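Here are my notes for your read-through, as numbered points. Keep the structure open beside them and find each residue as you go.

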Amino acid sequence: MVGRTMPVLWPLALAEANLLLRHPLHLLGAALYVFTFFADLGGSQREAYSWITNTVAIVWGVPTFFAAHLVATAHRRAGGDELLAALPDERQRRTAASLLAAVAPFLVACVAQAMAAAYYALAPVEVERFPLPAELLAGPLCVLGAGLLGVMVSRWAPWPGAPLLAMVVLFAFNLRLRGDAMWLGFYVEFARWGPEPDSPGGWGFIDGSANWHAAYLLALCLLAGAGALAREPRWRGRWVGVGLLCGVAVVATGWAQLP
């Protein structure tokens, strides 16, 4: 069964990845990233550090979430779900292909992040502290998570307004996290900005483990992927089990990253 499915899955995943990469919202996110890069070139050392570590998550990740959702729901919006329902494995295969396609924006974001880091490493532009590898990876992992979450929302809540509501909830959750608890959000400002009370602890860098934070983001990505696949009845049992393991990993890495 696996041998017959995989040769069909990969071309479908590549086609979905092509659609996702060329989607106007994903292109908008990439363009915003490039724009902010040139706009922030004349900033301070701290602004340079903060830009390298944080910009990808918001300006690229959020548009990718909506792009992934729209690509994953294209057949439903075109009225093709009834036709696909007659094929036992087609919906499951398309879900898996959409999840694999979400890796494409992640890889592109990794390349863009590496190029930006190389520029700051080689050019005569000082950075307050050059980011750790895990800090550089956090942004692209948010792009990956955005794509996977967009697919999951498309499967569990394929209704108009659902992706916007999901994004509002994520932003509200992240904004509620303050101080040490900010490590539990998908977006982490590794640098402290300003004196107390705006930034407890004053200037510097927040305590906690960037390595475990990257692992935490990866665990959240895997949980979103398992959640999307668990929507399909024929796969539900196995992927609920995988989701539970991913949930344990989220809790463990989330705890380990805290100061």
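1. Exposed means over 50% relative accessible area, buried means under 20%, and partly exposed is in between (1.4 Å probe, protein chains only). Helices (H or I, at least four residues) and strands (E, at least two) are DSSP runs, numbered from the N terminus.

2. Some housekeeping before we go on: this is a predicted model, where local features need pLDDT of at least 70, side-chain atom pairs count only at pLDDT 80 or more, and totals for chains, interfaces and linings use all residues. Residues are numbered from 1 along each chain as its sequence is written, and side-chain values use heavy atoms, with hydrogens and water left out.

3. How far apart are the end C-alpha atoms of α9? They are 21 Å apart, which agrees with the 21 Å that its 15 residues (162–176) should span at 1.5 Å a residue. The expected span is 1.5 Å times one less than the number of residues.

4. Next, look at T55 in helix α3 (residues 45–72). T55 has a relative accessible area of 12%, so it is buried. Leaving out residues up to four places away in sequence, T55 touches Y33, T36, S50 and W60.

5. On to the rings: the whole structure has eleven aromatic pairs. Rings of Phe, Tyr and Trp (its six-membered ring) pair if their centres lie within 6.5 Å; planes under 30 degrees apart are stacked, over 60 edge-to-face, and the rest tilted. F37 and Y120 make an edge-to-face pair, 6.2 Å centre to centre with 80° between the planes. This pair links helix α2 (residues 24–39) with helix α7 (residues 103–122), its members being 83 residues apart. F37 is buried at 13% relative accessible area, and Y120 counts as buried at 3%.

6. Finally, which residues form one aromatic cluster? Y33, F37, F38, W51, W60, Y119 and Y120 do.

Methods: Contact = heavy atoms within 4.5 Å.
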